[in-house]
Amino acid sequence: MYLPSAVTKQQEIDAAISQVVAELSPDVIRIRYDIGEDWSGQWAIFFRVVLSDDSARRRLRDVITNVVGALADRLDFPGMGVFPYHNFRSVSEQAALQEEAWA
Amino acid sequence: MALCDDLLDDARHLAQRGSSENRPSCKRRAISTAYYAVFHMIVDDFVEHWPFPDQRARLGRMFTHQKMRDTRVKFGHPHKPTTVEIALKEIVSALGQLQKDRHRADYDAGWQVVDTDVAQAITSAADIFSRWRAIRNEEAVRNHLLSMFGAKTED
């Protein structure tokens with residue numbers, strides 16, 4: 001079974017995420033991720049980004065651009081064999097939903 | 001107003017209703033509609049140049065979602081992409097994100113859609129509209145559009 005090289009590079013991914021969170025704090029609270037197949041069967045990395053309420057409400061466009069760009073600058077997604085997806089929610093939204101995958 | 005612009009407006013209205021009434025169905029439709037606004041903008045940009053108006057809808061149906069997402073953006077110089085090529089690559093990435101979210105919105109009943117998901121889709125679609133329209137007549141974009149349609153690249 002084919003597995004993308006991203007599966008073996010989780011330390012590298014974790015390190016990049018730590019840098020991005022530090023760089024974009026306090027807008028970005030934390031980033032979680034999974035590697036798996038998307039709806040079309042293509043390998044992908046799914047980032048789940050929790051944002052401060054203020055940035056989610058007032059600066060979403062800029063924050064999305066910053067997060068997507070900062071991760072792409074540090075991680076070679078095509079080289080890792082994955083397509084990156086990024087989803088965002090605010091601290092309040094996560095507090096209401098209490099989804100473990102975003103905690 | 002073109003269909004794609006109407007769809008983007010509809011997406012905004014659905015987003016507003018979804019948020020004010022906390023109505024998940026409207027939030028899902030907003031995301032799906034935002035994607036289809038982008039889809040139709042790109043397809044219409046291609047078929048409008050076909051000289052036979054009665055055949056344009058059929059031509060448009062030849063586009064496939066997956067092909068549009070997976071078509072690789074070719075750089076004229078591999079290590080020195082132009083600003084247009086970089087913009088095009090970012091548009092295609094954003095299209096892929098919207099496509100995935102649209103698929104979840106339409107089929108994943110377990111997805112708990114929040115306002116930020118909807119805002120992301122609308123923002124992304126609006127950005128794709130403005131960025132695409134700014135570069136649509138560039139040669140790299142015309143070539144990419146042809147590749148999205150299914151034409152083989154000139155390697």
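Tutor: Let's start with the largest nonpolar core, which has 60 residues. A nonpolar core here is a set of buried Ala, Val, Leu, Ile, Met, Phe, Trp, Tyr and Cys residues joined through C-beta atoms within 7 Å; buried means 20 or more other C-beta atoms within 10 Å of a residue's own, with C-beta atoms placed from the backbone. Keep in mind that this is a predicted model, where local features need pLDDT of at least 70, side-chain atom pairs count only at pLDDT 80 or more, and totals for chains, interfaces and linings use all residues. Residues are numbered from 1 along each chain as its sequence is written, while chains are lettered from A and ligands numbered from 1 in the order in which they are written.

The residues with the most contacts inside the core are B:Ala11, B:Ala30, B:Ala34, B:Ala37, B:Val38, B:Ile122 and B:Ala125. Helix α2(B) gives the most to this core, with 11 residues; helices are DSSP runs (H or I, at least four residues), numbered from the N terminus. Take B:Ala34: leaving aside residues up to four places away in sequence, B:Ala34 touches B:Leu8, B:Ala11, B:Leu98, B:Ala121, B:Ile122 and B:Ala125. Contact means C-beta atoms, placed from the backbone, within 7 Å.

Now for the helix pairs. The axes of α2 (residues 24–47) and α6 (residues 115–135) of chain B come within 9 Å and cross at roughly 10 degrees. Axes are lines fitted to C-alpha atoms, for helices over the stretch in contact, and angles run from 0 to 180 degrees between N-to-C directions. That angle makes α2(B) roughly parallel to α6(B), a label for angles under 35 degrees. Their crossing is left-handed, that is, the near helix is turned anticlockwise from the far one by less than a right angle. On the α2(B) side the contact includes B:Ala30, B:Ala34, B:Ala37 and B:Val38, and on the α6(B) side B:Ala121, B:Ile122 and B:Ala125 are among them. The contact residues divide into 14 nonpolar, no polar and two charged (Ala, Val, Leu, Ile, Met, Phe, Trp, Tyr, Cys and Pro count as nonpolar, Asp, Glu, Lys and Arg as charged, the others, Gly among them, as polar).

Helix α6(B) also packs on α5 (residues 83–107) of chain B: their axes come within 10 Å and cross at roughly 150 degrees, again in a left-handed crossing. Here B:Leu98 is one of the α5(B) residues, and B:Ala121 and B:Ala125 are among those of α6(B). This contact divides into 12 nonpolar, two polar and four charged residues.

Methods
Helices (H or I, at least four residues) and strands (E, at least two) are DSSP runs, numbered from the N terminus. Angles under 35 degrees count as roughly parallel, over 145 as roughly antiparallel, 65 to 115 as roughly perpendicular and the rest as oblique. Two residues are in contact if their C-beta atoms, placed from the backbone, lie within 7 Å. A residue is buried if 20 or more other C-beta atoms lie within 10 Å of its own, exposed if 12 or fewer, and partly exposed in between; C-beta atoms are placed from the backbone.
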